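Biologist: Could you walk me through this model before I set anything up with it?

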Amino acid sequence: MIDKVKSAIGLEDVRYCFSGAAPLSRSTSAFFASLGLPIHEVYGMTETTAIISIPAPGQTRPGKVGKAFSAAEVKIAADGEILIKGPNITRGYFKNEAQTKELLDAGGWLHSGDIGEFDDEGYLQITDRKKELFKTSGGKYIAPAPIEARLKSIPAVSQAVVVGEGERFVGALVALDVDNVPALVKQLGLAEGLRPEEVAAHPAVQTFLEEQVTDLVNVDLARFEQVKKIVILPTEMTPESGELTPTLKLRRKVIASAHDAEIAGIFA
């Protein structure tokens, strides 16, 4: 049966799968693993001559990017930032001394801008971008990306933005997956023919997603990380709106400005 599925989606000759550049969702990882094709999550930068760490075949760990290559030294700074040193590290940016000083410190350590940690086996896990961390009014630092990945694991959700800078708790903006709207309408017994924005505004959808957040997102998060309130956006965010980059990364400042009323409503 598995071979038929792999053949149907064009993966019959695939032996190894790799992922990088962005967090891999748990559902995607689980799906490929069920086909006998565990995805090897890797980590690296252009400035490090590509890969810094990668799991060995048969030693993948979901959400982790393996162990560092022997040629590279990798350590975690006091603030959680991943620092890298080795012969594969760039000497700097061409004719850009200021940016080079931001990248490399006096000891030759490259400051990746990524936040991470090692587990007991020496596997590296990337938890967020340093510049994306924010602090609640209680003084707790929040890494939004892992929480956003959990929110997007809800089948009805396609996009999520965690907010809460300087606030008492964490909230989130979410957008419905347009392709899954018909199934959601049927599941909740809503009237047929509703437009996606009408579905997004329906009280039953709000209640359903709040339950999903409780059951699937908050279940094993620390109390200060748990999403307390959500706002469902009427449409998905797009590069054309300026809220996403061309590679579909979040433009957080643009999103915060465009949805300041919704964010204010979360914390009112």
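Predicted model: local features only at pLDDT ≥ 70, side-chain atom pairs only at ≥ 80, totals over all residues.

Biologist: Okay, start with α7. How many residues does it have, and how far does it reach?

Modeller: Helix α7 runs over residues 203-217, which makes 15 residues, and from its first C-alpha to its last it reaches 20 Å, close to the 21 Å expected at 1.5 Å a residue.

Biologist: Which residues of α7 are buried?

Modeller: The buried ones are Val205, Phe208, Leu209, Gln212, Val213 and Val217. They are on the same side of α7, because the arc they cover around the axis is only 145 degrees.

Biologist: And what covers them?

Modeller: The cover over the buried residues of α7 includes the helices α4 (144-152), α5 (181-188) and α6 (196-200), together with the strands β12 (157-163), β13 (170-176) and β14 (227-233).

Biologist: What about the largest nonpolar core, how many residues does it have?

Modeller: That core has 28 residues, and Leu176 and Leu209 are those with the most contacts inside it. At least two residues each come from α4, β12, β13, α5, α6, α7 and β14, and α7 gives the most, with five residues.

Biologist: Which residues is Leu176 in contact with, if I skip its neighbours within four places in sequence?

Modeller: With those left aside, Leu176 is in contact with Ala156, Ser158, Val181, Leu184, Val199, Ala200, Val205, Leu209, Ile232 and Glu236. Another core lies apart from the largest one and has 13 residues, among them Tyr43, Met45, Leu103 and Leu104.

Biologist: Switching to charges: how many salt bridges does the count come to?

Modeller: The count comes to 11 salt bridges. One of them joins the side chains of Glu121 and Arg61, at 3.1 Å from N to O. Glu121 sits in the loop between β8 (110-118) and β9 (124-129), while Arg61 sits in the loop between β4 (50-54) and β5 (67-68), so this pair ties together parts that are 60 residues apart in sequence.

Biologist: Are those two buried, partly exposed or exposed?

Modeller: Glu121 counts as partly exposed because its relative accessibility is 45%, and Arg61 also counts as partly exposed, at 26%.

Biologist: And what does Lys130 form a salt bridge with?

Modeller: Lys130 pairs with Glu81, and their closest N and O atoms are 3.1 Å apart. This pair links distant parts of the chain, with Lys130 in the loop between β9 and β10 (134-135) and Glu81 in strand β7 (residues 81-85), 49 residues apart. Glu81 is buried, with a relative accessible area of 5%, whereas Lys130 is partly exposed, at 35%. Asp79, Glu81 and Lys130 are linked in a network of salt bridges.

Biologist: You mentioned β7. In what sense do β7 and β8 pair?

Modeller: They pair in the antiparallel sense, over three bridges, and Leu83 stands opposite His111 in β8. The pairing of β8 and β9 is antiparallel as well, over five bridges, and there the bridge partner of Asp114 is Arg129 in β9.

Biologist: Which residue in the hairpin of β8 and β9 takes a positive phi?

Modeller: That is Gly122, with a phi near 90 degrees, in a hairpin that has five residues between the strands.

Note on methods: Residues numbered from 1 in each chain as written. Heavy atoms only, no water. Helix = DSSP H or I, 4+ residues; strand = E, 2+ residues; numbered from the N terminus. Expected span 1.5 Å × (residues − 1). Buried < 20%, exposed > 50% of the residue type's maximum accessible area, 1.4 Å probe, protein only. Arc of directions from axis to C-beta. Contact = heavy atoms within 4.5 Å. Salt bridge = Lys/Arg side-chain N within 4 Å of Asp/Glu carboxyl O. Core = buried A, V, L, I, M, F, W, Y, C linked by side-chain atoms within 4.5 Å. Pairing = 2+ DSSP bridges.
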